Amino acid sequence: METTKEVSLRAMTIRRALVLGGGGLAGIAWETGVLTGLTDAGVDVRGADLIVGTSAGSAVAAQVSSGLPMEDLFRRQVEPALQAREIPANLDLTTYAATLGKIIAGTEDVLEIRRRIGAWALDVPTVPEKARREAVASRLPSSEWPDRPVAITAVDAETGERRIFDPESAVNLVDAVAASCAVPGIWPPVSIDGRRYVDGGVRSSENADLTLGYDRILILSPTPADAPSPPWGGLKEEVEELRRRGSTVVVVHPDEASVAAMGPNPLDPSIREATAHAGREQGRREADRTAHVWRSARPGTVM
């Protein structure tokens, strides 16, 4: 039986969560830069009690939980000899959004929307799954799951249901990250346990709802703050619910310099260096605001 002191200490325990959203190679570079800039300023958030990664954020989640110093992870973004061997792809976001709009037209059912996108992803010719897996593997310092809570999201291409991969899921980390990063129509769905999975962003670019119950939450969203939400809802609704439940939340979106560095194609490998540097500068500027939330003793503050 717990003593009064133990109960009191447990009640005072503050749980922190780090949410890393999707955004292609630009998102990986920017999030790595922001986290490095925060660390430069003395705000190291990698000790979060939970790290949630979606799409690009899944790669960053695997990287920052690997044990490598942030400076080493930053160098892997800005030094050509250390950069991952990415497969270039041309993604025009306006055209892509219009294509998705046609695919989901006529329904507001969120599962049906995901199923339609999944069916399209299964039908579109892309690079071989093996080649894509090799590219994703080159991003990760280790193919082993960290010994800590990390949640990586993907969507079942047939059912539209979200799948959460973690150290207990008995799924290889590279496969989990590849599934979370399988942008429909661009990269092949990933085969795991007889199922095919697409990008976790098909459900939500951040999947921040997985942090319900955590006291302090930092969300890095590579999507500009003024970008429209998808028809099934987006980060704004997730953050509102988290705050309504009493969480202290801070959201960091790319600033003007970071957006300019990202350019129009988030899958262009050539933007990694400039985007990582812009993110690092932004991270340093965000340090005070982030520290106020991360170290705050009182949940529920709206930032």
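Which helix gives the most to the lining of the second largest pocket? Helix H9 does, with three residues. This report describes a predicted model, in which local features need pLDDT of at least 70, side-chain atom pairs count only at pLDDT 80 or more, and totals for chains, interfaces and linings use all residues. Residues are numbered from 1 along each chain as its sequence is written, and side-chain values use heavy atoms, with hydrogens and water left out.

On a 1 Å grid over the protein atoms alone, a cavity is a set of points where a 1.4 Å probe fits but cannot get out, a pocket is an open set with protein on both sides within 12 Å along at least five of seven lines, and lining residues have an atom within 4 Å of a point. A volume is the space filled by probe spheres set on the points, which are joined across faces, edges and corners.

**The second largest pocket**

This pocket has a volume of about 180 Å³. Among the lining residues are Val110, Arg114, Arg203, Asp209, Trp232, Glu237, Glu238 and Glu241.

**The cavities**

Two cavities of 30 Å³ or more are counted. Residues lining the largest cavity include Leu25, Ile28, Gln63, Arg76, Glu86, Arg139 and Arg272. Helix H2 (24–40) and helix H4 (70–78) each supply at least two residues of that lining. The second largest cavity is lined by Leu25, Glu86, Ile87, Arg132, Arg139, Trp187 and Leu267.

In the table, Ala, Val, Leu, Ile, Met, Phe, Trp, Tyr, Cys and Pro count as nonpolar, Asp, Glu, Lys and Arg as charged, and the others, Gly among them, as polar.

| Space | Volume | Lining residues |
|---|---|---|
| Largest cavity | about 80 Å³ | four nonpolar, three polar, four charged |
| Second largest cavity | about 30 Å³ | four nonpolar, no polar, three charged |
| Second largest pocket | about 180 Å³ | three nonpolar, three polar, six charged |

**Val43**

Val43 is found in the loop between H2 and strand S2 (50–54). Its relative accessible area is 3%, so Val43 is buried (under 20%, with a 1.4 Å probe and protein chains only). Leaving aside neighbours within four places in sequence, Val43 is in contact (heavy atoms within 4.5 Å) with Leu38, Ala287, Thr290, Ala291 and Arg295. The C-alpha atoms of Val43 and Leu100, 57 residues apart along the chain, are separated by 39 Å.

Notes
Helices (H or I, at least four residues) and strands (E, at least two) are DSSP runs, numbered from the N terminus. Buried means under 20% relative accessible area, exposed over 50%, partly exposed in between (1.4 Å probe, protein chains only).
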